[in-house]
Amino acid sequence: MSDNHPDILLIEDNVAHTELIRRAFKVYPLKMNLTTCHTCEEAQEYLTKHTPDLVLGDINLPDGQCLNLFQTKQRNHKYPILIMTGHGNEDLAVQMMKAGAFDYIVKTESSLLLMPQKVEQALKEWEDLSVRKDTHKALLRAEEQLGVFKNFAEASKQGLGMADLNGYVIYCNETLAKVFMGEKSPEDAIGKHVSIYYEEKIQKRLQDEILPYVIKHGEWTEEIPLLSIDGKLTPAIQSIFLIHDEQGRPAYIANVITDITKQKRQQKELETINVQLEESIEHSNILAEELSIIGHTHNMRVKELNCLYSLSGLFESSDNPLEEIFQKTVDIIPPAFQFPEFTCARLIYDNQYYITKGFIETPWKISSDINCNGLKCGVLELYYLEEWFSTDEGPFSDEEKRLIEEISERLELYIGRRVSESLVKAANDFLQSVLESVTSMIFVLDLEGRFTLVSKACPKITGYEVEALTNKPLSLLFTPDIFQEINKQLAFVQDLGGIITHYETEINRLDGACVSVSINMSPLYENDIIIRIVGTIDDITQRKKLETQLLQSQKLKSIGQLASGIAHEINTPTQYIGDNIAFLNDASKAMDQLLEKYNELLAGCRKDPVYADLIEELEGLRENMNYEYIAAEIPQAIQHTLEGVEHISEIVHAIKEFSHPGTKEKTAIDINRGLESTITVTRNQWKQVADITTDFDDDLPLVECLPGELNQVFLNLIINATDAIAEVVGDGDNGKGTITISTHKHGESVEIRIRDTGPGIPRDIQNKIFDPFFTTKKVGQGTGQGLAIAHSIITDKHNGLLTFETKPGEGSTFIIRLPIKDSGKSAACPDVEKSNTLEQPVIPSSVFDMNEVLPALGGDIETLKGIMDIYLDVLHIDIQELKKGIAHRDLERILQDSIKIKDAAAHIGAKAVQQIAYQMEQTAREGKQELYDHLLKELEQELNRLVGVLDTLD
């Protein structure tokens, strides 16, 4: 729109008409930019470069019809199209509207001069229509399409139902179930085959003719009676249509059923009246007056039935726009009344008016409301243009009043059906758009593990097109080894109804590339029976790369912090190696001199035995050079040199082991050796502020793990312990602290403890220390990633447990528990599936089930007794002291004891003890003394019960 003036394109080959229109626009108050074209070719060239606000075109042009320019866009153009014609033919006007015209104008001299007014009115109507469309679309999106459809369907007077392609009912509303099928409720019909609700002759037609036609052509409408389970036959008009899935494949069969019992009864009445009329004609002339009355009644009844049947045909077979249906409806009504030439009708729906030609409001009116879902949504009105009082009842007879009510009811049914169809389509479109917009690959598997539905994200993640993967097995995406594990997850979902979340694995793309993915799967139920498995696959290759980069950056950062210390450590042995070598060099020169003189003496003695002076000189030289000291120190110097070289070798070897790149596969390693390497490379960090003592289990088995990443965890924990001790001892001038590192076997797990004598962890941050980016260090000194990464490595990648014990002022102990064999179960509780959330207690399915625990131990009661002896000792921690209550003891001790009790209870399956301990922890944090005392009594009772169980094993 130029300069806020509408741009109007005029396409007219008649020069005189063009000039009249141009002059009319020139003098019109609302300024409009008028561009004229005389042929379709000129108009096409203009439209490729400009977008007008309105097109005003003659229907026929020298090189074609105006509307041919817009055929491909049909009704989706962004501007209205007004077609001018020299003929007032109404059928021609309808054809033009169907072809995409917004309106048509019959060309007369006056209409050409009034063209600006018509254009302005059309622009306003177009703008109002656009606003209404946008508002309507927004309303549809906001109304939760599926919920609205369900509410409407249940309230509808029509039968609405859906079946799968095999003919089994998957949905029906109350009307269909009770009125047509004879069932007590919709649930009674679900799962039954639709054929049982039809006569035998219809069943064959349904199977051989109707359903194949619907699947091929999309819809079928016909009068087909329904047979209820109690044998009642209900005549009905059935509209059967096909619903497609997201890939455009046939998915479901939907049916809209209208009861035509009343219409059939009316038809029968009409036939009866015709028979009566024929019989009356044969009577004598004495009955002439009665015959006249009967004829009038017959005529009115015929007109009424013709009207209703015309409406039935219009409603049941037309998919035209509602506006067109409503207009035809009001046009059908007047001929059914006593005085058609003096009758006019109006239908008001959605604030739109549909009227008969020559409509005028008069005092002589009847009306009937149109309701949708119990609410008034429109009204049907009928007016007489003059007062015709044929009876005392007024200008309208009782039959006419009943007729308009009948028409309103049929309009309600028709509107309901159209709304239902539009809602179903909107719901399908909405679901389709959701599936297409989600970046995750959404899939549905049948119970044989084959894809029945795959979203549009499939090619991007797997390399397979949607069609290529549909009906193919899930195993196609995995190597046989990996699919064995995937199959276990499928069995967990399919057989036990479990839910798999964030299961990380690898798939093989069609192009051979290996892609890291995260898989979620959950069961899909129907009548409490699992019928499908739905899930998503996300490409996490980039995330894995970023995690690796972050881990390597942490390792490089740690190595960078150690670089200067390592240089110093290497420099020290190198220095005393150099000093010893210098000493050996000087000593070697002196020895050379001595040996030279000894050689001279030996030579002289051989010539002449009298060389007393030379012998005396040699003895003095030997004494002056301290020969005995040199002879003693040379071996020591050599030994020191060897030790220095060995020290350098140890440091270099430790650095090499620690900085070795991580592997993707877990390997069995010696945990003790990994700890020794980490202690060596961190020596410069801790040697000034702490001493490290180790208590390694020499019989510790090899552990399956990721060596590089586990070394990173050891490094982070040792450096954190060093930093904690430094907060207490400073730079070491006031004494050193102690870091104690121990290892031992713990059942089927290995436990590593790293204890420091630092200040301990404050209570208010204990639940945050494993959070990413949380740090108590100054800005620039810590990233807050060390413990978060360590926690992720231990719990997520090793199925282990990383936790801590702490006491303010006494220090902290970080505890790592790793399974010896990677079984996919948590090291904290081998018989309980892994949980990544430390805050949520692991609660077994029973309080204490001997039948559940014993099989896990191979039926060994003595082993069970040993386990219970150990953990009952923990469960009895300070019971008497606990009874003193919160006011008489340290709150931190209570919380720590509760954590120990929960951990111990998890091992022996004592759900009640664990739950009570968890509640005690929460109660202690909130300071609720009375509730805490109550829980304490329950805890003691449960402990005594467990002791009783132990005693029964004897």
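**Figure 1. Strand β15 and its antiparallel partner β18.** In this predicted model, strand β15 (343-349) is joined to strand β18 (residues 375-384) by seven bridges, and the two run antiparallel; strands (E, at least two residues) and helices (H or I, at least four) are DSSP runs numbered from the N terminus, and two strands count as paired if DSSP finds at least two bridges between them. Within this pairing, cysteine 344 has tyrosine 383 of β18 as its bridge partner. Seven of the seven residues of β15 are buried, so the strand is largely enclosed by the rest of the structure, where buried means under 20% relative accessible area, exposed over 50%, and partly exposed in between, with a 1.4 Å probe and protein chains only. In a regular strand the side chains alternate between the two faces of the sheet. Thr343, Ala345, Leu347 and Tyr349 point one way from β15, while Cys344, Arg346 and Ile348 point the other way, and all are buried. Residues are numbered from 1 along each chain as its sequence is written, and side-chain values use heavy atoms, with hydrogens and water left out. Because the model is predicted, local features need pLDDT of at least 70 and side-chain atom pairs count only at pLDDT 80 or more, whereas totals for chains, interfaces and linings use all residues.

**Figure 2. The hairpin of β15 and β16.** Four bridges pair β15 with β16 in the antiparallel sense, and isoleucine 348 stands opposite tyrosine 353 of β16. Two residues lie between the strands of this hairpin, in which aspartate 350 takes a positive phi near 55°. Asparagine 351, in the loop between β15 (343-349) and β16 (352-355), likewise has a positive phi, of about 60°, although it is not a glycine. Most residues other than glycine have a negative phi, and most peptide bonds are trans. Asparagine 351 counts as exposed, with a relative accessibility of 68%.

**Figure 3. Surroundings of threonine 356.** Threonine 356 is found in the loop that runs between β16 and β17 (365-372), and at 7% relative accessibility it counts as buried. When neighbours within four places in sequence are left aside, threonine 356 is in contact with Val330, Asp331, Pro334, Cys344 and Ala345, contact meaning heavy atoms within 4.5 Å.

**Figure 4. Serine 239 in strand β13.** Serine 239 is found in strand β13 (residues 236-244) and is buried, with a relative accessible area of 7%. Not counting residues up to four places away in sequence, serine 239 touches Trp220, Thr221, Ala254, Asn255, Val256, Glu316 and Arg417.

**Figure 5. An open, mixed sheet of five strands.** The strands of this open sheet follow the order β25-β27-β28-β30-β29, and their pairing is mixed. The edges are formed by β25 (690-695) and β29 (801-807), each with a single partner strand, so one side of each is left without a neighbour in the sheet. Neighbouring strands are turned by 15° against each other on average, direction ignored; axes are lines fitted to C-alpha atoms, for helices over the stretch in contact, and angles run from 0 to 180 degrees between N-to-C directions. Inside the sheet, eight bridges join β27 (residues 737-746) to β28 (residues 749-756), which run antiparallel, and threonine 740 stands opposite arginine 755 in β28. Asparagine 799 lies in the loop between α23 (786-797) and β29; it has a positive phi of about 55° although it is not a glycine, and it is buried, with a relative accessible area of 10%.

**Figure 6. Helices α20 and α22 on the sheet and against each other.** Helix α20 (residues 671-681) lies across β25, β27, β28 and β30 (811-819), running at about 165° to β27. Helix α22 (residues 707-729) also packs on the sheet, where it touches β25, β27, β28, β29 and β30, and its direction makes about 145° with that of β27. The two helices pack at an angle of about 50°, with their axes 10 Å apart, and α20 and α22 are therefore oblique to each other, given that angles under 35 degrees count as roughly parallel, over 145 as roughly antiparallel, 65 to 115 as roughly perpendicular and the rest as oblique. In this contact, Ile671, Gly674, Leu675, Thr678 and Ile679 of α20 meet Leu710, Asn711, Phe714, Leu715 and Ile718 of α22.
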